[in-house]
Amino acid sequence: MNKQDLINNIAGKSGLTKRDVEVVLNGLLGEITDALSSGDKVQLIGFGTFETRKRSGRTGRNPQTGGTIEIPEANVPAFKAGNKLKEAVK
């Protein structure tokens, strides 16, 4: 399912227009992105938690030349599923 499929499904089930659903969905994704970029976490009880995790630096290998490269540490987004989501998927 892609973003447009999600918008269509929500619009069909809620009776809202596709445009309204798209505005709300884009707003939600924007707020989650803003929170993660500022170091906060977003917790949706029963669904899951969006957070950032620190990935440590490491030594990698360039596949074309075979030479070693240093990969710097980075903050990466992560998602941990909540209990209701885990149960629904089982």
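**Salt bridges, a helix face and a surface patch**

Trainee: E51 and R53 are joined by a salt bridge in which the closest N and O atoms lie 3.0 Å apart. Why is this pair called a salt bridge?

Mentor: A salt bridge is a side-chain nitrogen of Lys or Arg within 4 Å of a carboxyl oxygen of Asp or Glu. The closest N and O atoms of E51 and R53 are 3.0 Å apart, so the pair meets that limit. Please remember that this is a predicted model, where local features need pLDDT of at least 70 and side-chain atom pairs count only at pLDDT 80 or more, while totals for chains, interfaces and linings use all residues. Residues are numbered from 1 along each chain as its sequence is written, and side-chain values use heavy atoms, with hydrogens and water left out.

Trainee: How many salt bridges does the structure hold, and what makes R53 partly exposed?

Mentor: There are three salt bridges. R53 has a relative accessible area of 40%, so it belongs to the middle class.

Trainee: Which parts of the chain does the salt bridge between K54 and E73 tie together?

Mentor: The closest N and O atoms of K54 and E73 are 3.5 Å apart. The names come from DSSP runs numbered from the N terminus, with helices being H or I of at least four residues and strands being E of at least two. K54 has a relative accessibility of 57%, and therefore it counts as exposed.

Trainee: What makes E87 and K90 exposed?

Mentor: The relative accessible area is 54% for E87 and 77% for K90, so each residue passes the limit for exposed. E87 and K90 also form a salt bridge, their closest N and O atoms being 3.8 Å apart.

Trainee: How do you know that the buried residues of α2 line one face of the helix?

Mentor: In α2, the buried residues are V21, L25, I32, A35 and L36. Seen down the helix axis, they fall within an arc of 105°, so they line one face; the arc is that of the directions from the axis to the C-beta atoms. An α-helix has 3.6 residues a turn, so residues three or four places apart point the same way. The face turned away from the buried side carries the exposed residues R19, V23, E31 and S37. What covers the buried residues includes α1, β1 (42-44), β2 and β5, where contact means heavy atoms within 4.5 Å.

Trainee: Is T49 buried or exposed, and which residues does it contact?

Mentor: T49, in strand β2, has a relative accessible area of 16%, so it is buried. Leaving aside neighbours within four places in sequence, T49 contacts K41, V42, Q43, A78, F79 and K80.

Trainee: Which residues make the nonpolar surface patch?

Mentor: M1, L6 and I10 make the patch, which covers about 300 Å². Patches use residues with over 30% relative accessible area and no salt bridge, joining like charges within 9 Å and nonpolar side chains (Val, Leu, Ile, Met, Phe, Trp, Tyr) within 5 Å; the areas come from the Shrake-Rupley method with a 1.4 Å probe, only the protein chains shown counting as cover for residues. M1, in the segment before α1 (3-14), has a relative accessible area of 74%, so it is exposed.

Terms used. Buried means under 20% relative accessible area, exposed over 50%, partly exposed in between (1.4 Å probe, protein chains only).
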